[in-house]
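Student: I would like to learn how to read the surroundings of a ligand and the packing of helices. Could you take me through an example?

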Amino acid sequence: MGLKKKVRPGSLKGNWSMNDDIVFYQSSPIINLGVVSLSTHLKQAGFKSSVIIESLERDPIQAIRELNPRSIGFSVFSVEHSNLIRAVKRIHSVFPDIPIIVGGTHAILYPEKILKDTLATLVCHSDGEAVLVNILKKLIKSSTPDWSSVEGVAYKDASGRIQVNERALLFQYRDDVVEERTIYSERYPGLGKDEEPPFIATRGCPYSCSFCYNSYLRKVVQEKGQFLRQKSVGNLINEISAYVKKNNNVKIVSFVDDLFTFNGEWLTRFLLEYKAKINIPFICTSRANEMNEGTAEKLAKGGCRTVIIGVESGNEDIRNRVLEKRITDEQVIRCGKILRKFNIRVRSTNMFCLPDETVKDALRTVELNIEAEIPLAFSALFMPFPDTKIFEYCKEKQLVGDNYSLENLPRSCFKTSILRVPDKQKIVNIHYLCFFFVRYPWAYRAFKQIIYIQCLKSLFYFSYILGNIIRHKEERGFGWVATIKFVLRVRNAV
Ligand code: B12
Ligand code: SF4
């Protein structure tokens, strides 16, 4: 990938020029599809944008100085709240006159909290394509604009009071705009040559599971336009073709949609064109209740290597009453078997340390995955985000302490749970061992009592890491070297 070579200060050539309208600042070396869409739409509207990836720069502050941007943008998830506070503080101390704009999932959920805790000038709590154009137009006219008429933003007024404007209309895809990721490849050629590039076909999800950001989003953007949006088949094929033409090393394409398979008619047309014009194996998401032989066959013929489905919990009551997943055990088992029949690998996503979960329920999660013959069981520890429906339930059950806040969220949900659940370490041990237990049912049956041996927890955690590396390898069909490279690159982002 050539990612290790850090960009030296003063080494910017070619298309690099001063006075970009916005520089997106991010910590990890990953392609952020929000930034891809924003930069594409900004270009269309005649604005210039760049990206700076902290971990790939020798001197990120000097890099900003050289680009001398009109504004600096952050695109963040909620687990990055503490990092955001630090990064904004650092950048603001060196460039106090450059406005800082924060966007992304976290900004959509918590605009006030971000303004309260950071020195950000503006928070974009909506889809950013049109909002950012309006912000930049204002900044061109005045360095201290009046933000009160700009939809989709929150800001502090002259008296320091936080003002949250009306949310902007939802972004709708246009056929004449094909997303491109030159913003990344120009500065970081290695990143532009991703062997597993992510693509996204849709925004939104038809479901509303209680733990998911979609259930919140759907509520707050009511009346702001169509929630479930999908690129046209032609538009997505053009986007992938253009990428693959420039990068002949693509081994597998990853569709990171919330639910890639929801539109059967679109899927049929897309897969036929994909096979004819792209013909590279791919990974995508689906749901157990939507899987049937027809869909599995279409996916297999189109080149699908792995399908990701949410099992979440082996306890049907927790899955459906607490998580509002609306999927039965039977559907999970049927889905696993159908995909196996068509030689498609399944990655299940499971959560442990859930509200109301006992050790027996956690073991049942392993068992349901075994019954569904799932080869790649992935698991994480449940982490409720404040203000979501399930967060209120956790508060009611006193599973979260009074000090539970965004600053205290762990950066990843793999190692520790911050919930006060009974038998926590035993359930965490089941989470650590889930991959191997599901893969080797005989080992589960023979050794499941080891979850009670607390002094082995470091060993169990090691097995969790190892299981994840094997999962990455098999999901993608990479060799060991490519797998290790991939895992090292994304380790801070997942
Ligand atoms: C892909 C993805 C990932 C990828 C991201 C890399 C990639 N290749 O893109 C990976 C695998 C790394 C990942 C990791 C994680 N993810 Co994730 N991920 C997603 C997913 C499925 C799609 C994101 C996406 O591309 N959306 C499409 C783009 C176009 O939308 P967008 O990012 O929201 O951007 C728009 C606006 O937000 C705004 N905007 C965005 N940035 C900016 C910046 C500025 C300046 C402005 C003005 C506007 C703006 O404009 C954009 C265009 O309209 C989302 C689900 C979802 N539907 O969003 C979950 C999601 C974002 N992830 C989530 C989580 C929890 C995680 C993890 C914590 C999970 C974990 N494993 O521990 C990690 C944390 C990563 C980290 N940085 O620490 C949650 C976030 C919840 C939250 N409150 O933050 C989501 C919402 C899933 C969910 N359903 O709950 N994830
Ligand atoms: S199906 Fe998946 S993406 Fe859709 S609401 Fe449920 S958890 Fe979220």
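Tutor: Begin with the residues that are near a ligand, where near means that the C-beta atom, placed from the backbone, lies within 6 Å of it. Around ligand 1 there are 42 residues, and those that come nearest are G34, G73, S75, G103 and G128. Two or more residues of this shell come from each of α1 (33–44), β3 (72–75), β4 (100–103), α4 (105–109), α6 (128–141) and α9 (213–220), where helices (H or I, at least four residues) and strands (E, at least two) are DSSP runs numbered from the N terminus. The model is a predicted one, in which local features need pLDDT of at least 70 and side-chain atom pairs count only at pLDDT 80 or more, while totals for chains, interfaces and linings use all residues. Residues are numbered from 1 along each chain as its sequence is written, and chains are lettered from A and ligands numbered from 1 in the order in which they are written.

Student: Why does ligand 1 lie between domain 1 and domain 2?

Tutor: Domain bounds come from an automatic or database domain assignment. Ligand 1 lies between domain 1 (22–164) and domain 2 (194–493) because both give residues to its shell.

Student: How many residues of the shell around ligand 1 are nonpolar, polar and charged?

Tutor: Ala, Val, Leu, Ile, Met, Phe, Trp, Tyr, Cys and Pro count as nonpolar, Asp, Glu, Lys and Arg as charged, and the others, Gly among them, as polar. The shell around ligand 1 has 23 nonpolar, 14 polar and five charged residues.

Student: Which residues surround ligand 2?

Tutor: Among them are C205, C209, C212, D258 and R287, and the shell around ligand 2 divides into five nonpolar, three polar and two charged residues.

Student: How do the axes of α11 and α12 cross?

Tutor: Axes are lines fitted to C-alpha atoms, for helices over the stretch in contact, and angles run from 0 to 180 degrees between N-to-C directions. The axes of α11 (residues 264–277) and α12 (residues 293–302) come within 9 Å and cross at roughly 20°. The two helices are therefore roughly parallel, a term for angles under 35 degrees. Their crossing is left-handed, meaning that the near helix is turned anticlockwise from the far one by less than a right angle, whereas clockwise would be right-handed.

Student: What residues of α11 and α12 meet?

Tutor: Two residues are in contact if their C-beta atoms, placed from the backbone, lie within 7 Å. Here G264, L267, T268, L271, Y274 and K275 of α11 meet T295, K298, L299, K301 and G302 of α12.

Notes
Angles under 35 degrees count as roughly parallel, over 145 as roughly antiparallel, 65 to 115 as roughly perpendicular and the rest as oblique.
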